[in-house]
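Here is a short note to read beside the model, point by point. Please keep the structure open while you follow it.

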Amino acid sequence: MSDDKIQLILVVESDKSAKTDSQYIRKLIMKLFDKTISDKDIKLSDVFMCGKSNYNKKSTIKQINDWKKYNAKGINYIIYFFDTDNVSDPTWIKKLNDEVIPFCSANKYEFVWFSYDIEDVFLQKQIADKKKLREASKYKIDDYFKKISPFIYDQNSTKQYFEHHSNIMRVLKQIFNSL
C-alpha cells in the first residue's frame, strides 16, 4: 500500500474457512460507511483468531503484524471483536475485563464486544454452531439490516455485556469520525 493509506484490521473469533464474523461486520461497515471507504480508499483486512482464547497467540499477532507491514507507511486501526457468550458465567467476563481489555488497551487496539454473540446482535437470535456458516452466508446475500438489534446503534449504552447489545457502533463511529 502507498503512503497515507488507511487500513482497518478486523480481528475476529471465527476461522478462515468460515469467515462468519467478518461477513456480518463487513456488511455493517460497507452499509454505513461506504462513501467514506470509497473516498478515502480504506482497506478492510481480516485476521482470524480461530477461537477467542487465541487473541494474544503468536499466530494472531503475526497476522496483525503482516497486515501492518503491508501498510507500513499508512494508518492502521486494529479492532478486536469478541462475543461475551453467557454473561452469567463470570469466568469469561473476568478474563475479558482482566486480560483482554488491558491487552487491547496496552497495544492501542480497539475492543468491540457482542452480547451474547455476533449472531444474537445482528439476527436477534442464537444460532447453533453447525448453522452459523449458513446464516452468515444468508445474511451476506439477503438484506437482514431491518432485523439488527436497535441496541447496536445505542452508542451511549451503559449496559455493558447486556443481551443483544454491542459497542460496535461507538467504536466504528469513533474511528470514522477521526478520518
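1. In strand 4, the residue that bridges to I79 is E110; strands and helices here are DSSP runs (E, at least two residues, for strands; H or I, at least four, for helices), numbered from the N terminus. Strand 3 (residues 75–83) pairs with strand 4 in the parallel sense over five bridges, where pairing requires that DSSP finds at least two bridges between two strands.

2. This is a predicted model, in which local features need pLDDT of at least 70 and side-chain atom pairs count only at pLDDT 80 or more, while totals for chains, interfaces and linings use all residues. Residues are numbered from 1 along each chain as its sequence is written, and side-chain values use heavy atoms, with hydrogens and water left out.

3. The four strands form an open sheet in the order 2-1-3-4, with parallel pairing. Strand 2 (43–48) and strand 4 (110–114) stand at the edges with a single partner strand each, so one side of each has no neighbour in the sheet.

4. Turning to charged side chains, K132 and D117 meet in a salt bridge (3.9 Å, N to O), a term that means a side-chain nitrogen of Lys or Arg within 4 Å of a carboxyl oxygen of Asp or Glu. K132 lies in helix 5 (residues 132–141) and D117 in the loop between strand 4 and helix 4 (118–122), 15 residues apart.

5. K132 is buried, at 16% relative accessible area, and D117 is also buried, at 6%, whereas D98 is partly exposed, at 43%; buried means under 20%, exposed over 50%, and partly exposed in between (1.4 Å probe, protein chains only).
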